[in-house]
Amino acid sequence: MKKAHWFAAALAAISLSSAVYAAGNGQSGVIHFRGKIVEGACSVARDGAVQATFSCLRSGVKHVRAVALSQGDVTQLPEDIATVQTLPVNQHPELQLLVVSYR
């Protein structure tokens, strides 16, 4: 009978420590949002290896711009929606990071 109690106590301790770990791992919380999202993000379509096309909605009007994917270049999207820049990925010359900074 003592083994059953010991096992139940050990199981309870493991369950409790798992719950404490899950609560403290930074993957939980509450976000309060007031307001509304009025425009979505731009959509991006890749046109081959050297160009991408951005399609953005601003004030109900669709704006489209083709952007060359040259590393380091900064391109302004229409209506000052965002800037686009391509950066190299460390030690991977065949990869690029596409950074879109919205305003």
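Me: What share of the contacts between residues at least 6 apart in sequence join residues at least 24 apart?
Reply: In this predicted model, 13% of the contacts between residues at least 6 apart in sequence join residues that are at least 24 apart.

Me: And how much of the chain is buried?
Reply: Buried residues account for 16% of the 103 residues in the chain. The accessible surface comes to about 8200 Å², and carbon and sulfur atoms hold 59% of that surface.

Me: OK, what's the secondary structure, and in which pattern does it run?
Reply: The chain has 1 helix and 6 strands, and reading along the sequence gives the pattern α-β-β-β-β-β-β.

Me: How many bridges hold strand 2 to strand 3?
Reply: Strand 2 is joined to strand 3, residues 61-68, by 8 bridges, and the two run antiparallel. To place two of the residue pairs, Gln51 stands opposite Ala68 in strand 3, while Thr53 has Ala66 of strand 3 as its bridge partner.

Me: What about the turn there, which residue has a positive phi?
Reply: That is Ser59, with a positive phi near 55 degrees, in the hairpin of strand 2 and strand 3, where 2 residues lie between the strands.

Me: How many bridges join strand 4 to strand 5?
Reply: There are 3 bridges between strand 4 and strand 5, which run antiparallel, and within this pairing Val74 has Gln85 of strand 5 as its bridge partner.

Me: And Thr75, what does it touch?
Reply: Thr75, which sits in strand 4, touches Arg65, Val67, Ala82, Thr83 and Val84, leaving aside residues up to four places away in sequence.

Me: What happens in the loop between strand 4 and strand 5, say at Glu79?
Reply: Glu79 lies in that loop and has a positive phi of about 60 degrees although it is not a glycine. Asp80 is found in the loop between strand 4 and strand 5 as well, and it too is a non-glycine residue with a positive phi, here of about 55 degrees.

Me: Is Glu79 buried or exposed?
Reply: Glu79 counts as exposed because its relative accessibility is 51%, and the cut-off for exposed is over 50%. Asp80, at 41% relative accessibility, counts as partly exposed.

Me: Then Thr86, buried or exposed?
Reply: Thr86, found in strand 5, counts as buried because its relative accessibility is 2%, and buried means under 20%.

Me: Last topic, the largest nonpolar core. Which residues are in it?
Reply: The largest nonpolar core has 10 residues, namely Cys42, Ala52, Phe54, Cys56, Val67, Leu69, Leu77, Ile81, Ala82 and Val84. Strand 2 (51-58) and strand 5 (82-89) are the elements that give two or more residues to this core, and strand 2 supplies the largest share, 3 residues. As background, nonpolar side chains in soluble globular proteins tend to be buried together.

Me: What does Cys56 touch?
Reply: Setting aside residues up to four places away in sequence, Cys56 touches Cys42, Val61, Lys62, His63, Leu77 and Ile81. Cys42, Leu77 and Ile81 are also listed in the core along with Cys56.

Definitions and conventions: Residues numbered from 1 in each chain as written. Predicted model: local features only at pLDDT ≥ 70, side-chain atom pairs only at ≥ 80, totals over all residues. Heavy atoms only, no water. Core = buried A, V, L, I, M, F, W, Y, C linked by side-chain atoms within 4.5 Å. Buried < 20%, exposed > 50% of the residue type's maximum accessible area, 1.4 Å probe, protein only. Helix = DSSP H or I, 4+ residues; strand = E, 2+ residues; numbered from the N terminus. Contact = heavy atoms within 4.5 Å. Pairing = 2+ DSSP bridges. Areas by Shrake-Rupley, 256 points an atom, 1.4 Å probe, with all protein chains shown as cover.
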